[in-house]
Amino acid sequence: MAADTRDEPGSTDSPKTYASFTPPENANALPGDSPSAIDGRRPNVGIAEIAKSITLEDFRTVHTKPCVRDSLLMGILGGFGVGGVRAILGVHDTARLILDGSKAPIPKASNWAVGTFCISSFVAYEICQYKRMVAKEGIKRAVEVVDRKKIEREQKMKEARERRRQEKMEADAIMEEERQRKEGRWWKVW
């Protein structure tokens with residue numbers, strides 16, 4: 001495991017906290033976006049331009065995108081389960097298969113497996129994206145609450161310091177008045 005260099009003497013790196021986080025100027029901006037694209041005025045893009053922008057590297061790294069891996073695994077399991085059940089149940093209908101002349105059970109089961117894979121992958125991906133969106137909103141609210149609490153705490157500390165300073169000034173004034181009264185009395189005997 002790599003060592004954390006922030007704790008070593010002479011290290012200038014400081015740990016990242018929510019207070020040191022500075023958001024970008026525009027959170028919607030992507031690297032290479034023009035200002036008009038950020039404002040939502042994107043030029044019309046056709047299918048040909050989209051197809052040209054797809055590279056082989058996109059397919060090599062698709063598993064690293066959020067939610068894709070889990071949704072594909074869910075689709076594979078769902079397709080395998082439904083296709084397997086359809087294949088097993090289809091074999092028992094051999095009499096109907098011979099009489100009706102309908103499709104063989106294996107290609108039918110394969111169709112069900114592919115359909116289930118597509119649908120369950122899509123549904124699992126959308127559920128995962130929704131959960132990520134909810135989590136991001138929760139984190140955003142938590143950071144806002146922490147910031148608000150920090151401001152309130154600083155305000156209370158400032159008020160307490162001001163109150164203590166005021167009390168000290170009053171106590172000093174009373175002490176000074178008492179001292180002057182005592183100093184002034186020693187020569188006034190009558």
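**Surface patches and salt bridges**

Tutor: In this predicted model, isoleucine 50 is partly exposed, at a relative accessible area of 45%.

Student: Which helix is isoleucine 50 in?

Tutor: Isoleucine 50 sits in helix α2, residues 47-53.

Student: And which residues form the nonpolar patch on the surface?

Tutor: Val45, Ile50, Ile54, Leu56 and Phe59 form that patch, and together they have about 520 Å² of accessible area.

Student: Which residues gather in the patch of positive charge?

Tutor: Lys158, Arg161, Arg163 and Arg164 do, on the surface. Arginine 161 belongs to helix α6, residues 105-185, and its relative accessible area is 45%, so arginine 161 counts as partly exposed.

Student: New topic. How many salt bridges are there?

Tutor: The count comes to four. One of them joins the side chains of glutamate 57 and arginine 60, at 3.7 Å from N to O.

Student: How far apart are glutamate 57 and arginine 60 in helix α3?

Tutor: They are three residues apart, about one turn of the helix. Arginine 60 is exposed at 52%, while glutamate 57 is partly exposed at 42%.

Student: What about arginine 179, which residue does it form a salt bridge with?

Tutor: Glutamate 176, with the closest N and O atoms 2.2 Å apart. Because arginine 179 and glutamate 176 are three residues apart in helix α6, about one helical turn separates them.

Student: Last one: is serine 120 buried or exposed?

Tutor: Buried, because its relative accessibility is 19% and the cut-off for buried is under 20%. Leaving aside neighbours within four places in sequence, serine 120 is in contact with Met74 and Gly75.

Terms used:
Residues numbered from 1 in each chain as written. Predicted model: local features only at pLDDT ≥ 70, side-chain atom pairs only at ≥ 80, totals over all residues. Heavy atoms only, no water. Patch = residues over 30% accessible without salt bridge, like charges linked within 9 Å, V, L, I, M, F, W, Y side chains within 5 Å. Areas by Shrake-Rupley, 256 points an atom, 1.4 Å probe, with all protein chains shown as cover. Lys, Arg positive; Asp, Glu negative; His and termini not counted. Charge placed at Lys NZ, Arg CZ, Asp CG, Glu CD. Helix = DSSP H or I, 4+ residues; strand = E, 2+ residues; numbered from the N terminus. Buried < 20%, exposed > 50% of the residue type's maximum accessible area, 1.4 Å probe, protein only. Contact = heavy atoms within 4.5 Å.
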